[in-house]
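Colleague: Could you walk me through this model before I set anything up with it?
Modeller: Gladly; here it is.

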Amino acid sequence: MGLDFYLIVLLLVAALSHASWNAVLKSSGDRLFTMTTVMGVGTLFYGPALLFVDFPTPEVWPYLIASILLHYCYFYFLTFAYRHGDLSAVYPVARGCSPLMVAGGAALFAGQMLSPVAAAGVATASIGICLFAFEKGLPTRHLMKPLAIAFVVSCFIASYTVVDGLGLLRSETPYGYIAWLNFVDGIPLLAWAVVAKGDDYIRFLKTDGRKAFMGGVLAMVAYALVLYALSVGGMAQVSALRETSVLFAVILGAVTLGEKFGAIRWIAALAIVGGVTAMHLS
C-alpha cells in the first residue's frame with residue numbers, strides 16, 4: 001500500500017512540525033511541565049471537537065487505551081534520554097530505528113507486506129536517519145547510555161504507530177479516533193500538574209507557557225496528519241516518511257544556527273532521499 005502525493009505532502013509538513021516541537025522540548029528548562037503543556041494543548045483543542053465526531057466503538061477502545069499507555073512510556077523515556085544526551089544524538093536514533101520495526105509489525109499484524117524494493121528503501125532511509133547521530137564519529141562510552149535509551153524510545157514509537165494503524169483500520173472514520181486519542185492523551189498529565197503542582201505550573205506558564213503552547217500546537221498538527229495518513233496508507237511508508245523530521249531538524253540547524261553540513265550529513269541525507277524515493281516508486 002503506497003502513498004498518494006497529497007499524503008506525502010502532509011507527512012512532510014508533519015515531519016517539519018515534529019522536528020520543531022522536539023527542539024522546543026530539548027531547549028525547555030522544565031521538560032515535564034513542557035510535555036504537560038504540549039499534551040494538554042490536544043486535550044483543550046479536541047474537547048469541543050468531540051461533539052462533531054463519531055464515538056469509538058468497543059472494538060476500537062483497546063487500541064486507544066494501548067496507544068495512550070505507549071505514548072506515556074514514549075514521553076517518559078524521551079525526556080529521560082534528553083536529560084542524558086544531546087538532541088543531535090538522541091533524536092536520530094529514536095526516530096531512525098522505528099520504521100523497520102513498524103514494517104515488521106505492519107506485516108505481522110495487518111498483512112501489509114512490502115516489496116523487496118520498498119523494504120530496501122525503508123531500510124536505507126532508516127540507516128540514513130540513524131547516521132546523523134554519528135557525524136562526530138563512533139559513540140564514546142558516555143554516549144552509550146543515551147543511545148540505548150533512544151533505542152528504547154524507538155521501540156515505543158514503533159509500537160504506538162502499529163497500534164494506532166490497527167485502531168484506525170477498525171474505526172468507522174479516522175476523525176473520531178484522532179479526536180479521542182488527542183483528547184484523552186493529555187488528561188492525566190494535565191490533571192497532575194493542576195492538582196499536585198498548581199502554583200509551580202502557573203509560574204511555568206507565565207515564563208515558558210507561550211513557547212510550550214506553540215510546541216503543543218506543532219505536536220498536535222504533526223500527529224493528527226500522521227494518524228490520518230495511517231488510516232489510508234501503509235504503516236511502513238507513513239513511518240519512514242514521517243521520520244524525515246530528522247533531516248528537517250538538521251537542515252533547520254544548518255540554516256538557523258550555522259551548523260556545518262559535513263560529509264556524514266550529506267551521506268545521510270542522500271540515503272534518506274534515496275530510500276524514500278525507492279520506497280514510493282517501487
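**Rings, a patch and cysteines**

Modeller: Ring pairs link Phe33, Trp192, Tyr201 and Phe204 into a cluster, where rings of Phe, Tyr and Trp (its six-membered ring) pair if their centres lie within 6.5 Å. This is a predicted model, with pLDDT of at least 70 needed for local features and 80 or more for side-chain atom pairs, while totals for chains, interfaces and linings use all residues. Residues are numbered from 1 along each chain as its sequence is written, and side-chain values use heavy atoms, with hydrogens and water left out.

Colleague: How many aromatic pairs does the structure hold?
Modeller: The structure holds 16 aromatic pairs. In Tyr74 and Phe75 the ring centres are 4.9 Å apart and the planes are at 45°, so that pair is tilted, given that planes under 30 degrees apart count as stacked, over 60 as edge-to-face and the rest as tilted.

Colleague: And are Tyr74 and Phe75 buried or exposed?
Modeller: Both Tyr74 and Phe75 are buried, with buried meaning under 20% relative accessible area, exposed over 50% and partly exposed in between (1.4 Å probe, protein chains only).

Colleague: What about the rings of Tyr76 and Phe77?
Modeller: Their centres are 5.3 Å apart with the planes at 85°, so the pair of Tyr76 and Phe77 is edge-to-face; Phe77 counts as partly exposed, because its relative accessibility is 25%.

Colleague: Switching to the surface, which residues form a nonpolar patch?
Modeller: Phe5, Val9 and Val13 do, with about 290 Å² of accessible area together, by the Shrake-Rupley method with a 1.4 Å probe, in which only the protein chains shown count as cover for residues. Patch residues have over 30% relative accessible area and no salt bridge, and nonpolar side chains are joined within 5 Å, like charges within 9 Å; a salt bridge is a side-chain nitrogen of Lys or Arg within 4 Å of a carboxyl oxygen of Asp or Glu.

Colleague: Where is Val9 placed?
Modeller: Val9 is in helix 1 (residues 5-27), helices being DSSP runs of H or I with at least four residues, numbered from the N terminus. Val9 is partly exposed, because its relative accessible area is 36%.

Colleague: How many disulfides does a search of the whole structure find?
Modeller: It finds zero, a disulfide being a pair of cysteine sulfur atoms within 2.5 Å. The sulfur of Cys97 has its closest cysteine sulfur in Cys130, at 3.9 Å, which is too far for a bond. Cys130 counts as buried, because its relative accessibility is 15%.

Key:
Helices (H or I, at least four residues) and strands (E, at least two) are DSSP runs, numbered from the N terminus.
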